[in-house]
Each structure stands twice: as structure tokens, then as C-alpha cells.
Amino acid sequence: MSFQYGGQAVIEGVMMRGPSRRAVAVRRPDETIAINEKPMGSITQRLPFLKLPFIRGVVMLFESLIMGIEALSYSAEQAMGEEEEEKISKWEMALTIAFSLGLAIVLFIVLPTTLIYYAGSGIQDNFLRNVIEGIVRLAVFLGYVVAVSRMKDIQRVFMYHGAEHKVINAYEAGKELTVQEVQRFSTLHPRCGTSFLLIVILIKVVIFSGVTASGLFGQIFFRVLLLPVVAGVAYELLKLSGKYQDKGLCKIFIAPGLWLQKLTTNEPDDAQVEVAIKAFDAVRKEGDVVHVR
């Protein structure tokens, strides 16, 4: 399969991305399934150099953020039973993305860097300082995931996350996409965004170790400045791990990400799997037939 399908859990539904379009399927309060399809455009079509390795990861990150926010907005409206779809304005989109990135920077860069700057001032080895900072960053991330996973609404989102993975796993195994068949598959997948975040945390240790800056604000500044580099490298590693997931070395590499997904995915019920299948069927490319094996 040349194209790697992907998706995202939303409120009471799933968003799937195909070669040329994306679809959001949402279970409405009356138990019907609303589907919103939209052609996917990318700036890489106008600027082909953005498809180059290590650059494409940064582009994909921003485009995925925009697509995800639009999908979440639509799903929230449908899950509440609203008939009319109110499109997010460009200003609202920009503010939401800025807030999301700002929160991530505070939690995963400013907080760990500040803690190690003051608590680890006696550690002279730059690499060791970054390893400890990486451990703190991972602890903050795990604490955040565990905290939000206790929320009832988020638990349902994690069930749809599991349904999304099951459908893609079944498709990539060449199986027929029925609820019964899809339910046989795992809720874990090596190309998951959760695994991407874990790779980002690990890559930061290596890349940040090569940068020295004086003062707390200097360290924070250079860490923020290097985020596109981190994202680009992490994206390439994620694609490679998904492509060679059955190889011995890759199995070891992707194992931590799969373990982490046990926190961000739950077993879905049949109704949730049905929604995920509807979203996937809406984006499956024409003539892309699944052969049962």
C-alpha cells in the first residue's frame, strides 16, 4: 500500500485522512451518523520543496493541527445535535493554534528547563542535564495524559481513538472492514500521534545536548527555536518505524510508543467501530480494493 492512511479521534466520532480528502464521522444524539467530507489541499502542492524529508514533518504538523481543530469543531456541533455548522474563522483558528502551541511550550519546554536550571545547577555535563530534563519532560507528559484520562468525556474519545486504530490495522492487514472483523484487531498502531510525541521527547535530548546557551531565557529561546528541527526528525523516524514495524530493531524502537498508547486508547464498542469504518470508507481512494487474506 503506497498511501498510509491516518486519522484522529474527535468528540463522539473519528476523522480519517485519505489521499485527497478527509472525512469526519460523528454519532449524533439520535444515533444517526453524520459524515462531513472535505477535499484536502496542501501547501506542498504549490511548493513542492516542502515535501523534502525533515521539512515535510513540520508542514504536516501545522496542517494536521488545522485539520484537527476543524474536525473537533464539527464533531462538537454534531454531538450536541446542532443542525447548522458554524465554520471557525481564520482568527479563531489562529488563536486556537497559538494557544495550543503556547501551552505545549510552557508544559514541555519552559517548565522542565526551568526546573533543571535551578535544581540541577551543579551538573556540568550538558548531555546528562538534558537526559534528566528529558525524564522530567516525560514525567510531565505522562502526568498530563493520566490526569485527562480520568475525565469521562476523554475516556470516550480514547475509545474512538482505539476504534480508529483498529480500522486502519484491519485495512493494512487486508481484511474486510466489518465491525466483527475490525474488532479482532489491536487498538495500538506504530504511526500514532502518541508515539510521535514520545519520539519528540527522546529526540530533544539528543538535539538539545548539542546546543549550549547562557542563562535560563537563552536556553528556553534556543529550545523553542529548534522545535521545527525536532519535529522534522521525529516525523521521519515515525514514518520509518511504521514502514518497517515488523523488523527486529524497529520492534524495539516502537515498543515504548505502543506501551504509551495503552494510556490514550481504550477498547471501543461496536457502535464506535461502525463510526470509524464509515469515516474510513468515505476517504478510501477509488479502486482501492481490500483483498481478504
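A residue counts as buried when its relative accessible area is under 20%. Keep that cut-off in mind as you move through this predicted model.

**Stop one: the annotated segments.** Select residues 54-74, 95-119, 131-149, 194-214 and 220-238, which an unreviewed UniProt entry annotates as "transmembrane region". Zoom in on 95-119: this stretch is 100% helix, and its end C-alpha atoms lie 34 Å apart. Now try 220-238, where the chain is 95% helix with 0% strand and the ends are 26 Å apart.

**Stop two: Glu172 and Arg191.** Show these two side chains and you will find a salt bridge, with the closest N and O atoms 2.7 Å apart. Glutamate 172 sits in helix H5, while arginine 191 belongs to the loop between helix H6 (179-182) and helix H7 (193-209). Is arginine 191 buried or exposed? Its relative accessible area is 17%, so arginine 191 is buried. Glutamate 172, at 24% relative accessibility, is partly exposed.

**Stop three: Arg223 and Glu133.** Next, select this pair, joined by a salt bridge of 3.0 Å from N to O. Arginine 223 is in helix H8 (residues 216-225) and glutamate 133 in helix H4 (residues 126-149), so the contact ties together parts 90 residues apart in sequence. Both residues are buried.

**Last stop: Glu12 and Arg156.** Here the closest N and O atoms of the salt bridge are 2.6 Å apart. Arginine 156 is partly exposed, at 29% relative accessibility.

Conventions
Residues numbered from 1 in each chain as written. Predicted model: local features only at pLDDT ≥ 70, side-chain atom pairs only at ≥ 80, totals over all residues. Heavy atoms only, no water. UniProt positions renumbered as here; feature names shortened; annotations may be inferred. Helix = DSSP H or I, 4+ residues; strand = E, 2+ residues; numbered from the N terminus. Salt bridge = Lys/Arg side-chain N within 4 Å of Asp/Glu carboxyl O. Buried < 20%, exposed > 50% of the residue type's maximum accessible area, 1.4 Å probe, protein only.
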